[in-house]
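Colleague: I should like to go through the assignments in this model and hear the criterion behind each. Please set every value against its definition.

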Amino acid sequence: MASDGALLTAKFEDGRLELAAGGSWTAPHAAELETLVDRVAADAGRAKTVSIDMRGVREFDTFGAWLLERLTRQWRSAGGSPAVVGMPEHDRTLLKEMSGVNLEPVAPPARPNPIVSALAAVGRGMTGFGRDLGTFANMLGAIGVAAVRVLARPRDFRFTSAVNQLDRVCWQAVPIILLITFLIGAIIAQQGIFHFRKFGAEMYAVDLVGILILREVGVLIVAIMVAGRSGSSYTAELGSMMMREEVDALRTMGFDPVEVLILPRVLVLIIALPVLTFLGSMAALYGGGVVAWLYGGMSPEIYIARLEDAVSLTHFKVGMVKAPFMGLVIGVVACAEGLLVKGSAESLGLQTTASVVKSIFLVIVLDGLFAIFFASIGM
């Protein structure tokens, strides 16, 4: 059995297999050597003793040594007694080195202790929370410093950028905000009428819609939608600029990225959230009125009269006071996550997802804190 670069002949008799190797046993001839070895494997399995004569080998490298070592291990495991003869001393030294490779079987991975794993996960979570809190505080402080500088020098404020962002964040978001809040108000009214009807108290569904929309649901739904729509956009934009090193270029030119890129965006969110909250709350109340008329048989006049009795200006103030703070939280988190993007598309996707999740989480936490605060002061 010959090849242009490698040679391996076999002679089998009386349970003894004699192999004669020749040519080049090197990595460039790996495919040829593998083919030759496979052809004699069956005979080697039937032989009691196997001898390999290496006198005819002209070239011998690490691949040839490992192939020869692998063959001898295979034959030993099958019960044979292979012998390598005629090998020069320097080649035998290389073969001896291969004999110590991969002798120990790979130990299976140890099963982790569930308690230790749980504690480790809690520790990692707390560390990540502390790191995120530090990033949030750092970004909030940087925005505050930039705002003070702009107040001292109003000409430095990027008015054109702010107007553009206001159009994107506020004006272009109005249709989807109105649609979603209208549907939310309609659903709350339908469920309220359906359940209160069992007690003959359909009128109280108006109280449910009015108070819930103006105090909690209106601002919360709008904030969540803005976090998913505009917050993710902010993170993606700043992240793309980080990937293209445009933020570093601004610093090189002597501009503060927080003042140029982040301050207008955050200020726009602080302005846009109250506006969108007001529009969304009105749309939700209108949706509740439509359902009360069509599903509950309540005329618009009765719905409006009951709404005037059920809600007060205090409920409206509670919802509107929350809005700018939620806008600030969304803007700070979105911009901070955008500046954490590294030089890969995967990093951009991860930070955008983290931005939306963290913004929604903080918005809900902030809403709960405001609920506790207003309850403590009697509002």
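Colleague: Where is the place of Leu133?

Modeller: Leu133 belongs to helix H4 (residues 114–152); helices (H or I, at least four residues) and strands (E, at least two) are DSSP runs, numbered from the N terminus. This is a predicted model, in which local features need pLDDT of at least 70 and side-chain atom pairs count only at pLDDT 80 or more, while totals for chains, interfaces and linings use all residues. Residues are numbered from 1 along each chain as its sequence is written, and side-chain values use heavy atoms, without hydrogens and water.

Colleague: Why does Leu133 count as partly exposed?

Modeller: Buried means under 20% relative accessible area, exposed over 50%, and partly exposed in between (1.4 Å probe, protein chains only). Leu133 has 49% relative accessibility, so it counts as partly exposed. By contrast, Leu68, in helix H2 (residues 62–77), has 0% and therefore counts as buried.

Colleague: What makes Lys358 and Asp132 a salt bridge?

Modeller: The criterion is a side-chain nitrogen of Lys or Arg within 4 Å of a carboxyl oxygen of Asp or Glu. The closest N and O atoms of Lys358 and Asp132 are 3.1 Å apart, and the pair forms a salt bridge. This pair links distant parts of the chain, with Lys358 in helix H12 (residues 345–376) and Asp132 in helix H4, 226 residues apart.

Colleague: How do you know that the span of helix H9 (residues 257–294) agrees with its number of residues?

Modeller: The expected span is 1.5 Å times one less than the number of residues. For the 38 residues of H9 this should be 56 Å, and the end C-alpha atoms are 53 Å apart, which agrees.

Colleague: Why is strand S2 (residues 16–25) called largely enclosed?

Modeller: Seven of its 10 residues are buried, so S2 is largely enclosed by the rest of the structure.
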